[in-house]
Amino acid sequence: MFYLVGLGLFDEKDISLKGLECLKNVDKIYAEFFTSRLFGSSFEAIEELIGQKIEVLVRNEVEEEHKFIDEAKTQDIALITGGDPLIATTHSDFLVQCSKKGIDFEVIHGSSILSSAPAISGLQGYKFGKVTTIPFPDYNFYPKSPYEAIEENLKNDLHTLVLLDIQAHKDRYMTVNQGLEYLLNIHEDLDREGLITPDTLAMGIARVGSSDVVVKAGKISELIDFDFGGPLHCIVVPAKLHIVEAEYLVEIAGADSKILDDV
């Protein structure tokens, strides 16, 4: 049997009771932490809670070797990952492989940034459009697609959740500040007038699921130097606000009360 278990957002206490029961009873546990990890917990704390040793896999062992699937033919094997294993990090191919090999499997979901960030933003979930991700730029790599996705959502009066690049194997996590700077750089490079400017309303969100979560709203020019603290970060770009949304941004996220005049 193969179990795919999501650990949730922040620390070992986010593991569901169903996930905890599963992990206490399987024969072997593998972990994939190169795309994400629980920042509020240590590896040792997770092992202590579960009461079993965990073997951490490197990227090629997850993406190429898949030894955990072959072992699941004769043993109960679990693969754990941060967030929800089939949303923030897509591992659906593992289930396809299990099906082809006649291996039974079960997915135990965990809380995901794709639902938690829109929720803590105070914006109405059904008004979110396409999710986009800002990557770390590299030589000859500075795609405009994140900017264009936000623009398209704004044209359709839809909010945007903007995920920020995670390179856990390099201990490198993009901040809200870097993400906003990326968007402004794209704006400056456009040969047309863009919808995202220093005056655009945005929200920076940090450490969703923790006791010190930060939710800060304001103009991009106001947020770009704000200290959001440690990872993980994401950005939300609101479209036209409902009065209930606007009041939340003012009272909870510290936005200027002038935004109430526009709803």
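**A walk through the strands and helices**

Hi everyone, let's start with a helix: helix H7 (residues 145-155) lies across strands S6, S7 and S12, and runs at about 145 degrees to S6. Helices (H or I, at least four residues) and strands (E, at least two) are DSSP runs, numbered from the N terminus. Axes are lines fitted to C-alpha atoms, for helices over the stretch in contact, and angles run from 0 to 180 degrees between N-to-C directions. Contact means heavy atoms within 4.5 Å.

A quick word on the model. It is a predicted one, where local features need pLDDT of at least 70 and side-chain atom pairs count only at pLDDT 80 or more, while totals for chains, interfaces and linings use all residues. Residues are numbered from 1 along each chain as its sequence is written, and side-chain values use heavy atoms, leaving out hydrogens and water.

Now, in what order do the 5 strands of the open sheet come? The order is S6-S7-S12-S10-S11, with mixed pairing. Two strands pair if DSSP finds at least two bridges between them. At the edges sit strand S6 (132-134) and strand S11 (214-219), each pairing on one side only. From one strand to the next, the twist averages 25 degrees.

Let's zoom in on one pair. Strand S7 (residues 160-164) and strand S12 (residues 233-237) are antiparallel, over 4 bridges. Within this pair, Thr160 stands opposite Val237 in S12. Helix H6 (residues 113-121) also packs on the sheet: it touches S7, strand S10 (201-206), S11 and S12, and its direction makes about 125 degrees with that of S7.

Next, please find strand S2 (residues 28-32). Of its 5 residues, 4 are buried, meaning under 20% relative accessible area; exposed is over 50%, and partly exposed is in between (1.4 Å probe, protein chains only). S2 runs parallel to S4, joined by 5 bridges, and Ile29 stands opposite Ala78 in S4. S2 also runs parallel to strand S3 (residues 54-57), through 4 bridges, and here Tyr30 stands opposite Glu55 in S3.

Is Leu57 buried or exposed? Leu57, which lies in strand S3, is buried, because its relative accessible area is 3%.

For contrast, look at Ile87, in the loop between strand S4 (77-81) and helix H5 (92-101). Ile87 counts as partly exposed because its relative accessible area is 41%.
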